Amino acid sequence: MSVFFRHISVAVAIIALGSSAFAQDSSSSSVVRRGGADRNRKEQAQPGVTERMQKFYEETPKSDADMQWMRVIYRELDLAKPKNASLYYPEDIIDGDKNLFRIIMEQLADNRIAAYEYLDGREIFNEQYRLKVGDMLDRFHIYYTPAKGSTEKNPRYVIEEVDVPTNEVLSYYIIERWEFDSRSNNMRTRVEAICPVLHRSGDFGGDAMKYPMFWVKMDAIRPYISQQYIFVDDDNNLPKYTLDDFFAMNMYEGDIYKTRNLRNQSMMQMYPDPDDLKRAQDSIQNRLESFDKKLWVPSREEVIAAREAREAAAAGDSIVIPDRDATPKSARSARAKKNTKKKEPKSIKPKSSSNNSNSAVRSVRRRK
């Protein structure tokens, strides 16, 4: 009997061990599946950019009912201008610092952001006009290799640092929106999209031609450019601003080359003469900057000050402060002698007695 029970206990132990091993296998397999999903999600996200950060930078589009006024401006940012040099330098990667074009190309190669076709003023940011990155790289002769794990639905590419044409991207096109929100009574300027522009010469030399590459929505690249600090000027060698601050605070300098209009014409087409073009650009810029000032009713003090300024300008009244250096030397010496002449004190005349006698005042307190 003891042997029989011993065999039964051994069988029960084997069954228990098998069930525990199966449970461990099933639990480990479930952990692997979750880890694979997390790994794929991490591969699709930039290191240091979480899903929460991406949602933070995604801006909710406002309804047209909330807008009192809006105007779309197209600008060209010339990187040769000192204020825009922060977008070009460093040309190569130095201590992990990258310029704007390298950041954009890295995100496109890893399929983290979308690029859209350049349609010359009719930009539509939807899936129909989404650009295939591989076709774009072939079009502009940028060398690449398919990345490991690249699929047809999730194409990814590897572009070597020396093959990124940063030295040829010498300007950018941006779409700038000037909006007045009726709910917050606030006027703001924001950059909606940006387009790198290649400057390439032909096979026989000559002037470089401009080739707009693609449009990228600013909200899509904000989580990545917000981590790159830049130098704004040479007076302060401590980077205090990011590339996102550069666009959010309108620290760039760009010429207006187009405004959204019904005929879809550029400024060059509307104003062929260079002088007329410059005057039109300045007029548009002045109207944009002074638009919010015309929305408010001036206070009483502002009305009075403006009226006094107009009256003074009409009367030609002006206060002229003479310059001491412009005064002739002879006039200054004569003035100095006049000031040094001592004045004699006036003699005090004694009051006469007649005046003292007439100075009495008769009381009328009890007068009837």
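This is a predicted model: local features need pLDDT of at least 70, side-chain atom pairs count only at pLDDT 80 or more; totals for chains, interfaces and linings use all residues.
A residue counts as partly exposed when its relative accessible area lies between the limits for buried, under 20%, and exposed, over 50%.

A search of the whole structure finds eleven aromatic pairs. In one of them, W69 and F291 are stacked, with 3.9 Å from centre to centre and 20 degrees between the planes. This pair joins distant parts of the chain, since W69 belongs to strand β1 (residues 67-78) while F291 lies in the loop between α8 (274-290) and α9 (300-315), 222 residues apart. The pair of F247 and Y252 has another geometry: the ring centres are 6.0 Å apart and the planes stand at 40 degrees, so this pair is tilted. Both F247 and Y252 are buried. Y74, Y118, Y173, W215 and Y257 together form one aromatic cluster, and over the face of Y74 lies K258, at 5.7 Å from the ring centre.

The protein has eleven helices and ten strands, and of its 368 residues 30% count as buried. Among the contacts with a separation of 6 or more, 63% are accounted for by residues 24 or more positions apart.

In soluble globular proteins, nonpolar side chains tend to be buried together. Here the largest nonpolar core has 41 residues, of which M105, M136, F214 and F247 touch the most other members. Two or more residues of this core come from each of α3 (100-109), α4 (133-139), β4 (169-181), β5 (186-202), α5 (218-225) and α6 (243-248), and α3 gives the most, with seven residues. The surroundings of F214 can be listed in detail: leaving aside its neighbours within four places in sequence, F214 is in contact with I104, M105, L108, A115, Y116, L131, M136, I194, C195 and P196.

Two packed helices are described by the angle between their axes and the distance between the axes. For α3 and α5 the axes come within 11 Å and cross at roughly 110 degrees; angles of 65 to 115 degrees count as roughly perpendicular, and α3 and α5 are therefore roughly perpendicular to each other. At their meeting place, L100, I103, I104 and Q107 in α3 face I221, Y224 and I225 in α5 through contacts. Six of the eight residues of α5 are buried, so this helix is largely enclosed by the rest of the structure. Those buried residues are M218, I221, R222, P223, Y224 and I225.

A last stop is Y157, which lies in strand β3 (residues 157-158). Is Y157 buried or exposed? Its relative accessible area is 16%, and Y157 is therefore buried, given that the limit for this class is under 20%. Not counting residues up to four places away in sequence, Y157 touches A109, D110, V133, G134, L137, Y144, T145, P146 and A147. The C-alpha atoms of Y157 and L108 are separated by 8.6 Å, although these two residues are 49 residues apart along the chain.

Notes
Residues are numbered from 1 along each chain as its sequence is written. Side-chain values use heavy atoms; hydrogens and water are left out. A nonpolar core is a set of buried Ala, Val, Leu, Ile, Met, Phe, Trp, Tyr and Cys residues joined through side-chain atoms within 4.5 Å. Buried means under 20% relative accessible area, exposed over 50%, partly exposed in between (1.4 Å probe, protein chains only). Helices (H or I, at least four residues) and strands (E, at least two) are DSSP runs, numbered from the N terminus. Contact means heavy atoms within 4.5 Å. Rings of Phe, Tyr and Trp (its six-membered ring) pair if their centres lie within 6.5 Å; planes under 30 degrees apart count as stacked, over 60 as edge-to-face and the rest as tilted. A charge sits over a ring if NZ of Lys or CZ of Arg is within 6 Å of the ring centre and within 35 degrees of the ring normal. Axes are lines fitted to C-alpha atoms, for helices over the stretch in contact, and angles run from 0 to 180 degrees between N-to-C directions. Angles under 35 degrees count as roughly parallel, over 145 as roughly antiparallel, 65 to 115 as roughly perpendicular and the rest as oblique.
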